[in-house]
Amino acid sequence: MRKTFNPLEWMESPDQHKTTEPPHTEPNSEISETETIIREIEAQQVDIAPNYEQWLNIGFAFAEGFGETGREFFHRTSRFYPGYSTAECDRQFTNCLKAKGHGITLKTFFHHAKQAGINISIPKNNVGKKQVSNETTQKVVPENRQMPNFPNSLFSNLPEFLQKVVQPASSQEEKDLMLLGALVSLSACLPKLYGIYDGRKMHPNLFLFITAKASAGKGRLMLCKHLVNPIHKQMREQAKMLKMQHDSEMADYNTKKGKEENIEKPTKPPEKMLFIPANNSSTGAYQLLGDSDGKGLIFETEGDTLAHAFKSDYGNYSDGFRKAFHHETISYYRRTDREYVDIENPCLSAVLSGTPKQVLSLIPNAENGLFSRFILYYMNVRPTWKNVFATDTNQGLDEYFESLGNEFYELYRVLKTNPEMQFLLTAEQKRKFNSFFEQIQTRYVALQGLDYMATVRRLGLIAFRIAMILSALRIMETGELNSKITCLDEDFQTSLSLVG
């Protein structure tokens, strides 16, 4: 198994271990100290870099400190990872050698060794090295690394509707969770909104996977379902009315059958719905999506529900799922009706949550086409008791979010009955957008080669779609309905902050 690489995690990681110091000038002494620490790692057989970012930075540290000589150290340090691969380790270190100028020194290696419980003792007379007192040479208990949260300044610039969504959150993690869950849920329900991206017509639809250990609080994501539930109810009511009409027509057909010539059997009505069950056969999933005019939302709090469907012979609709991200035509064959069906311009969104193992079940590696299509967010676990009475609402959160759902339904209804609306960036925003992602792409090509090109490029599309959603929500404040809407600078900046 390969070390899991999450580009958002890597990009948003704190820079506390990075430094602008030049390379050390005492290589012999450093080699001796590094050798001593690695022998202790080998004696304890401990993996000091369980996640990708730590492993990558250790590679940088050895490349910066020792050049090609550091390759052996990198292998010896990496081999206690359960999925260690000699070839992959070689490839990674070669990339670290090529990517110069990141300023990561051996301090990073010493830090991770110490955090993993290795007894490090570095002489104080070595300039530029980690200074360690007698008290800190003892083994320490490894700390769980906390991922960064979105900055508070980001939330104050959100559209008013999203500020209401995150208002009841009792922690930074909940605010992040509610914001992402709302954005992706709403992305399925902005009809006739589009933007031109790389010459193609794109709609706002997004895929999200919230991952966390048990009891982290990811269950709060379910509240976002209330934001679009009125739309699902309206579609189910429409399906119910069509079924009643069909039943009446069938009764009339059965009465006249055999008595009148050229009488046609009524066609079955479509099963219109917003929420498409992930636990489905491939034909069933496509038929429900087609019945709902090619639009839908998969919302599952257990991500392995979708993973199990994709792994089954009858339910593997992974190819259609991936095609829907780019609105590519999905074709399938209905055996019952002996009918070949094309779903043109599918607009599918997905909100999933689950443990890290469930992520790996659905997306086994970074080369999988699903990886680059998803927004992946790891939710921290805070080992403190949560004040369960902190939320200040007289209704309860379910009712609170249902009321927000009714507010959003009015925007949905207006957009559905109006002509198409095109989303636009200003000339300056386009320039900044291209510059921003050009830098990210250059960075990742240097680190990973061409393997992650698709990830960076789809990250650009995700940012564009987020900006589109934010701009549409501004209509709830202004009431302006024009054939074209231009992104506000604050919404443009928010979209870049969320992905970078």
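## Strands and cores in a predicted model

Strand β1, residues 193-197, lies alongside strand β9, residues 421-424, and the two are joined by 3 bridges in the parallel sense. Keep in mind that this is a predicted model. Looking at one spot in that pairing, you'll find G195 opposite F423 of β9. Strand β9 also has strand β10 (residues 484-486) as a partner, again parallel and with 3 bridges. There, Q422 faces K484 of β10.

Now for the open sheet. Four strands build it, in the order β4-β7-β3-β8, with parallel pairing. At the edges sit β4 (295-300) and β8 (374-378), each of which pairs on one side only. On average, neighbouring strands here are turned by 10° against each other, if you ignore direction. Strand β3, residues 207-211, pairs with β8 over 5 bridges in the parallel sense. Within that pair, L208 has I375 as its bridge partner in β8. As background, strands in a sheet pair through backbone hydrogen bonds, and they can do so parallel or antiparallel.

Here are the pairs described above, side by side:

| Strand pair | Bridges | Sense |
|---|---|---|
| β1 and β9 | 3 bridges | parallel |
| β9 and β10 | 3 bridges | parallel |
| β3 and β8 | 5 bridges | parallel |

What about the inside of the protein? The largest nonpolar core takes in 111 residues, and L162, L179, F321, L362, F374 and F408 have the most contacts inside it. Helix α17 (residues 453-473) gives this core its largest share, 13 residues.

Stepping back to the whole chain, you have 19 helices and 10 strands. Of the 500 residues, 50% are buried. Among contacts with a separation of 6 or more, 76% are between residues 24 or more positions apart. The chain exposes about 24,300 Å², and 48% of that comes from carbon and sulfur atoms.

Definitions and conventions. Residues numbered from 1 in each chain as written. Predicted model: local features only at pLDDT ≥ 70, side-chain atom pairs only at ≥ 80, totals over all residues. Heavy atoms only, no water. Buried < 20%, exposed > 50% of the residue type's maximum accessible area, 1.4 Å probe, protein only. Contact = heavy atoms within 4.5 Å. Areas by Shrake-Rupley, 256 points an atom, 1.4 Å probe, with all protein chains shown as cover. Pairing = 2+ DSSP bridges. Axes fitted to C-alpha atoms, helices over the stretch in contact; angles between N-to-C directions. Core = buried A, V, L, I, M, F, W, Y, C linked by side-chain atoms within 4.5 Å.
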